Amino acid sequence: DTRAMSFSKRANLPNTHPLAAFLLHLIVIKRTNLCLSADVTTTSALLNIAEEVGDSICMLKTHVDIISDFGEKTVRGLRDIARRKRFLVFEDRKFGDIGSTVQKQYTAGPFSIVRWAAITNAHIFPGPAIVTALKAAAADAIAAFNRSVETEISVGTPRPSSDEDDGSFDGSSEGVSNDGDTTKLPLRKRSIVAATTIESSTESTTLERGALDEATAQAENDREKALEALGSPPLARGLLLLAEMSSEGNLLTGAYTQKCIDIARDHNDFVIGFIAQHDLNSKPGDNFITCTPGISLPPPGQEGQKVSGDGLGQQYNTPHKAIVQEGCDVVIVGRGILSAKDRAAEAERYRREAWKAYEERVGA
Ligand code: 5BU
């Protein structure tokens, strides 16, 4: 039963996707199961909020199609902050089309999501091919990137040392072209590791896990050391399936939700979890991470007050209800934090509440 299990234990269960394992360890070390929904409309607003609340979150969720000046500056800026503040980037793209189209939407166009978002999400109403198509596109992008790095290594092009590995990669949708621009290849060391990981995943993950266990054990005493031991995120991509929604009258229920779980089980080498309103792990071996939007707290000093909705269909629950009663793992908060006067302090308040609820659930 994953509900009663600590995140570190879950990180070490067999068949845990490397990115999921990384996220679970990161959550434990930073003591945060909070994801910020950074629903802002300019690059500077995005980078400002990421900087302000980065220490309090494990994940930052974007809607890049609302950013009016999205570009290289957005990607690089976010990557730098994520690397420094230690969180994963999740693009809330909600893919929902035939396989061929979602591959292009994932890897091409102005956003090239696969380049910079470790995690994205998809609806399953088009059928399971949406998952296999996105999985194949992610694998291709990573393989193309690794090939270009290998070429580069064999040619012996020197690399700028400031560009360290961080699980993101620059370059075109077809991967990185070896056009001599070394600034486009920020991931040399990690990609060599990742190539090994992809080919012989059992060996390398076992090795890595020993180190990670030590890292999480150290977290209580020395967060910085633990984060250092955790290292960079793996060069891997993960998908969340939309199993349930928070909005009033939504149709993601019953048999539809069940189908989503079946598809996730069939592809747990790519699907790391769900967007859902309650924990959907039910079979032995299930270890999906439940990420839950529609979360809000009454303002400080008005603790008894109920938070209901936004007048546009959104419905809210408290972190305690989502995590303790419903068994959710990561709570996603947008306006609750974004509209606060002191956003860093408010993010900390949400982090504390969500972490306390997790500790209560697992009996820590
Ligand atoms: P809010 O400001 O905390 O209400 O923002 C919630 C975010 O989560 C927002 O970006 C939505 O697009 C997103 N969301 C949601 O609210 N409910 C859902 O069921 C899904 C996504 Br799926």
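The structure is a predicted model, in which local features need pLDDT of at least 70, side-chain atom pairs count only at pLDDT 80 or more, and totals for chains, interfaces and linings use all residues. Residues are numbered from 1 along each chain as its sequence is written.

**Annotation**

- According to an unreviewed UniProt entry, the "binding site" annotation covers Asp39, Lys61, Ser246, Gln314, Gly334 and Arg335.
- UniProt annotations may be inferred rather than shown by experiment.

**Lys61**

- Strand β2, residues 59-62, contains Lys61; strands are DSSP runs of E with at least two residues, numbered from the N terminus.
- Lys61 is buried because 25 other C-beta atoms lie within 10 Å, the cut-off for buried being 20 or more, with C-beta atoms placed from the backbone.
- Leaving aside residues up to four places away in sequence, Lys61 touches Cys35, Leu36, Ser37, Ala38, Phe90, Asp92 and Ile332; contact requires C-beta atoms within 7 Å.

**Gly334**

- Gly334 sits in the loop between β8 (330-333) and α13 (335-338); helices are DSSP runs of H or I with at least four residues.
- Gly334 is also buried, with 21 other C-beta atoms within 10 Å.
- Beyond four places in sequence, Gly334 touches Ser37 and Asp39.

**Ligand shell**

- Of the 17 residues around the ligand, Met245, Ser246, Pro293, Gly334 and Arg335 come nearest; a residue counts as near if its C-beta atom lies within 6 Å of the molecule.
- Both β8 and α13 supply at least two residues of this shell.
- The shell comprises six nonpolar, eight polar and three charged residues; Asp, Glu, Lys and Arg count as charged, Ala, Val, Leu, Ile, Met, Phe, Trp, Tyr, Cys and Pro as nonpolar, and the others, Gly among them, as polar.

Definitions and conventions
A residue is buried if 20 or more other C-beta atoms lie within 10 Å of its own, exposed if 12 or fewer, and partly exposed in between; C-beta atoms are placed from the backbone. Two residues are in contact if their C-beta atoms, placed from the backbone, lie within 7 Å.
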